Number of protein chains: 6
Amino acid sequence: MMRILVANANTTDAITELCAAAARAAAAPGSEIIPATPRFGAAVISSRLENAIAGHALLDLLAGHAGQVEAVVLAVSLDTALDAARQLMPCPVVGMTEAACLTACLLGGRFGLVTMGGVETYRELIGRHGLAARLSGLRGIAATPQDALRDPPAVEAMLLQEIDSLVAEGADAVVLGGAALAGMAARLGPRAPVPLLDGIACAVKQAEALVALNLPRPRAGSVAPVAGRDSKGLSPALAALLRG
Amino acid sequence: MMRILVANANTTDAITELCAAAARAAAAPGSEIIPATPRFGAAVISSRLENAIAGHALLDLLAGHAGQVEAVVLAVSLDTALDAARQLMPCPVVGMTEAACLTACLLGGRFGLVTMGGVETYRELIGRHGLAARLSGLRGIAATPQDALRDPPAVEAMLLQEIDSLVAEGADAVVLGGAALAGMAARLGPRAPVPLLDGIACAVKQAEALVALNLPRPRAGSVAPVAGRDSKGLSPALAALLRG
Amino acid sequence: MMRILVANANTTDAITELCAAAARAAAAPGSEIIPATPRFGAAVISSRLENAIAGHALLDLLAGHAGQVEAVVLAVSLDTALDAARQLMPCPVVGMTEAACLTACLLGGRFGLVTMGGVETYRELIGRHGLAARLSGLRGIAATPQDALRDPPAVEAMLLQEIDSLVAEGADAVVLGGAALAGMAARLGPRAPVPLLDGIACAVKQAEALVALNLPRPRAGSVAPVAGRDSKGLSPALAALLRG
Amino acid sequence: MMRILVANANTTDAITELCAAAARAAAAPGSEIIPATPRFGAAVISSRLENAIAGHALLDLLAGHAGQVEAVVLAVSLDTALDAARQLMPCPVVGMTEAACLTACLLGGRFGLVTMGGVETYRELIGRHGLAARLSGLRGIAATPQDALRDPPAVEAMLLQEIDSLVAEGADAVVLGGAALAGMAARLGPRAPVPLLDGIACAVKQAEALVALNLPRPRAGSVAPVAGRDSKGLSPALAALLRG
Amino acid sequence: MMRILVANANTTDAITELCAAAARAAAAPGSEIIPATPRFGAAVISSRLENAIAGHALLDLLAGHAGQVEAVVLAVSLDTALDAARQLMPCPVVGMTEAACLTACLLGGRFGLVTMGGVETYRELIGRHGLAARLSGLRGIAATPQDALRDPPAVEAMLLQEIDSLVAEGADAVVLGGAALAGMAARLGPRAPVPLLDGIACAVKQAEALVALNLPRPRAGSVAPVAGRDSKGLSPALAALLRG
Amino acid sequence: MMRILVANANTTDAITELCAAAARAAAAPGSEIIPATPRFGAAVISSRLENAIAGHALLDLLAGHAGQVEAVVLAVSLDTALDAARQLMPCPVVGMTEAACLTACLLGGRFGLVTMGGVETYRELIGRHGLAARLSGLRGIAATPQDALRDPPAVEAMLLQEIDSLVAEGADAVVLGGAALAGMAARLGPRAPVPLLDGIACAVKQAEALVALNLPRPRAGSVAPVAGRDSKGLSPALAALLRG
């Protein structure tokens, strides 16, 4: 039995559930999906500001599950605090957009990304992942997560139009960005000219793959575990992991 | 039951067997590894020239298995003809070095690569994969596949020394490059300060993940299937797939 | 009178004081330096993990000063939560390493950076700032902030040796990275062959310059202020700024 | 007398003749153009798949002329197997798109490229040549080589429109990509606002220049000749060159 | 008292005055702006050719003020001869577009640039400054400096339209490029959605900052002063500085 | 008869003669080499400062030959004022380092460069040419042009050592940078493991190739000719070309 923590970074349980459902749909038979929502932070992350706060919230959340899960999926579109989480946890940690982009790389030349709202932070994220050369384009539709719940056909039509436009510009695959679009790729897939990638689904498969590879934790390098670190004002679990 | 073709690109059966063994060690319970060796080409690929010939040899080999396997792993260090194979085959195709590099990206910041012989073609390959920014360094040890068979401890010591040097330069993970090193990562792993990645093992896991994601074949873009293409002098199977 | 908040990101008051002293030495006559230390977080940030926690700690700290200062200097070597802080605050926010690197760009061709400890996170930071092409090299000396206090001549000698090495590789200026080296550039400057840049001093000058330019706050783009955002578990000041 | 082999990579003699005519128009008085068509492969290369097969076909073709020509021009738009051909042959080898792009670099700032059909493989090719920073844009017109023969004015009008658009985006010169457009640059040139570059013509001039420079064959590096390599199933000429 | 030389590179006094006025508006109380116009060169620089000539003209101009000013601002849009001027002068030298771009980096993610006329030389300049990754886009309006004087509202409307377009593409700030737009940012600022940056104003602030930092002149590296250099046909002041 | 102006940029006739001799050795039978030395500037260019002055000197020199030569070779290592010269002259203009680097690209994967003195300006130049990805490394030997005349064997030994080191790092060809090394590649070639490239020789061949291609002068773009430009203090020939 492999336990995979699906850690939302918003404090909205409905998004956690949406991601958990997408994760369960993708998980292998022996994988158990454990959803989790942080203690503090923005209800819905949609700015740099909320995202930076979420870094601590996610680490606080993860610390409470260290040693009790075999892998972690960060269910947050900007792969918030990803390397810090890798340093914190004794198990593999995978970001949802990272996983979708890397999977897209396995399917052809360049990939596109479509999301709801602004795209600049996605551009930066893909640049930080070192994948800018594989990115054919970014699109943001003028819709909110609420719109996606209220009028799905309208949002789906907007997404398909941008997907076609991305393909015309050279995308061999398209990532659907954002936790609020979890599960959408499966619905839209049959109508799209190229494969659509769901971050949660891709991250679950990568998490399972990493667990199966059974790689040792690094003893050196930039994500090696810390020890002997003093802190104040942090949750007992997080403070304990800093002390090592 | 998932059948994964492990397609060697040189014509030496012993290397095919080495790769198949590494693939079987990594495969999930329900995966069957099907090794294959091409009809023509170099006994051992170790130059740009032999590698370019191997592109055709691999496609010729794959064409004979189209529709009979659920995924393909290219067991050739330079991911030869990778996108062409994706265009040819109705199933996922994964390159061994590609898979190892993308997996390394999931483990930290930058990764290094060590291989036997020259490194320039690896540098170009990683650049073509768009991952140059994630590469911390490359090392080639002065040893041949024959040396690896004749005096394993000596080759292992050379590899470990270069791995340490790569870590000192910033690698959070190290890829062992080359089909002739298949299986070596598992042996050296406990002695290395960061995770070591075996291309065949990573490719098998990525192939399984792609099969599980069950993505549709693209109808547009640069790897969409071809049809109606005339040719001459090719194997019947390959010519048939060009005709569509 | 211009009030400049010098916001440390770790919870050690001595480092706050060190940075405040460097800031006061650099400040123009009319500038008042207001030091501040966060409520929670690591005593000394020296890992990705501690740094990610510090993002929230810094924003929490800044929220308490919004509207009461004319500019903010982030006294943390990795420019933690920099764009989030820009989105949060109604005044200019400058990161210390960002400021030093941009100032170095004004002095010649490429610049180097030397710090205590590992350099990979600096490499990433400079990449995120889009300045990788201006970076000639990075060096980390094997010393801790404690060493710098206990045996200054030894640490200074180590720094000077690396500075010379960076110059030999093409640096026209060298950034001293890390809050714990605040003030060191002024001491070592006369002995170095190229200008040395102190992040705190550079950030104070950039903060003063931005205040003088009196630019309007953006009404659009990725750092435009947020409003109407719900949250839970945050400090009243931070929650209030999210609500707008 | 300088013999220049103009090696087509598809198996259609008409395209070989078209390229040979363009080569003869560009050749210096003392240069003899020797056209050649491979034994096997696609009739017309227009996919990644056909292009990968063509690598072997070209090398097979070239091997039969080794020692009998002073230079080789690869008359294939994606510069297929270019470095392998350099490693194989004892004389200079020049790719047609490579030559056109490098010549374009000698004329101003950035250059554009227009071709028939998709552009992604050209984008990748120019990236592999390390010239992405010199590329202002790519355009593919919706026409086939057959259209170019059937209705030349219509195709020429489409090309000129895209050339104007590329110039408006910053191109100081425009490469006409693809063997099927050989000779077109000379016809359209007078109507275009910037120089148009014909790959075959540029490659012939570069081949003549390299022959005149009389550079020694490398004894080291990634294109040094191979020797002592075993193979099976290859043409006698190619197998002999692998044995050295 | 800080004397800042504002060195125009055109030989049109009206542009010198326009820049001097913008400089005075930005200067701190203790700064004195000293305008200067070169002895030779184009009336208005608007081509690569005129710009290359201006390099010598600027150095000739600066040599006459060496030792008599505390800083230099190059009032020429392409930051002409910037590093040469740094090597020549015993005081800080700042380029106007360089200063505006670096200041834009302090305000958010990516920035755009709008100017009158062509944009390719700006694209190259920003690339040379190593800031291509921070550039969201470039726009050239179809207007001349003369238009800006004759019909300001028309030119302002054109600029604002392009600024809005740049913001829609991801700019968090916009640089107004070109000496002829000096002072325009202050006029248009209230109507723009993001901060607008005036090169002269930014350069004056950076010059003041550098003077305050009081950095030593480099004794090594690519901008260290020259000495013992023979020349002929240069102005006595410039020849004297080459002799050292 | 093709007249090729070989324009030195420093004012030392001996270097002009050295370059002219190398040009004559490389020129085709029908090419006449016309050496030229500027009226003003540094005796020997070895700094950014001298190089910036040389831009004007070169353009001044070229203007006097406009219409009287069929091509221009800039015999100056940093390809000074190259694009400005292209805009000025009604014939092809080729830079010596540009030509050597582009020729190196035709020979394999990456190339190295070795020169006398500092390498940073070469690094920048190759970056401006957009060829950074093709550059394997740079080396500067601690010798001056005077040393090369006084003790050739010592300088040759230093060069060969660095060439070997560049090859070990991945160079498939090596450019000898600097006008003072004109002719050296031919002497050292037989002793080097990879081809050595002489900038003057390469530039002459590229100039001949461009003349043979007979491309029209651009009517648009960043190097289109200027007209109607006022100036003062320039040579009559240069001023006349600005007026058009």
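Predicted model: local features only at pLDDT ≥ 70, side-chain atom pairs only at ≥ 80, totals over all residues.

Reader: How many residue pairs are in polar contact between chain A and chain B?

Author: The count is 13, with both residues at pLDDT 80 or more.

Reader: How much area do chain A and chain B bury between them?

Author: About 3300 Å², with 64% of it on carbon and sulfur atoms. On each side, 44 residues are in contact with the other chain.

Reader: Which elements give two or more residues to the side of chain A that touches chain B?

Author: They are helices H3 (82-88), H4 (96-105) and H9 (199-213), plus strands S5 (93-95) and S9 (196-198), of chain A. H9(A) gives the largest share, 8 residues. By class, this side of chain A has 27 nonpolar, 9 polar and 8 charged residues.

Reader: Now the helices. How are two packed helices described?

Author: By the angle between their axes and the distance between the axes. Take helix H2 (residues 48-63) and helix H10 (residues 236-243) of chain C: their axes come within 8 Å and cross at roughly 85 degrees. Angles of 65 to 115 degrees count as roughly perpendicular, so H2(C) is roughly perpendicular to H10(C).

Reader: Which residues meet there?

Author: From H2(C), C:His56, C:Leu59, C:Asp60 and C:Ala63. From H10(C), C:Ala237, C:Leu238 and C:Leu241. The residues of this contact divide into 5 nonpolar, 1 polar and 1 charged.

How values were computed: Residues numbered from 1 in each chain as written. Chains lettered and ligands numbered in written order. Heavy atoms only, no water. Axes fitted to C-alpha atoms, helices over the stretch in contact; angles between N-to-C directions. Helix = DSSP H or I, 4+ residues; strand = E, 2+ residues; numbered from the N terminus. Parallel < 35°, antiparallel > 145°, perpendicular 65-115°, else oblique. Contact = heavy atoms within 4.5 Å. Nonpolar A, V, L, I, M, F, W, Y, C, P; charged D, E, K, R; others polar. Buried area = accessible area lost by both parts, 1.4 Å probe. Polar contact = N/O pair within 3.5 Å; in protein donor to acceptor, adjacent residues only side chain to side chain.
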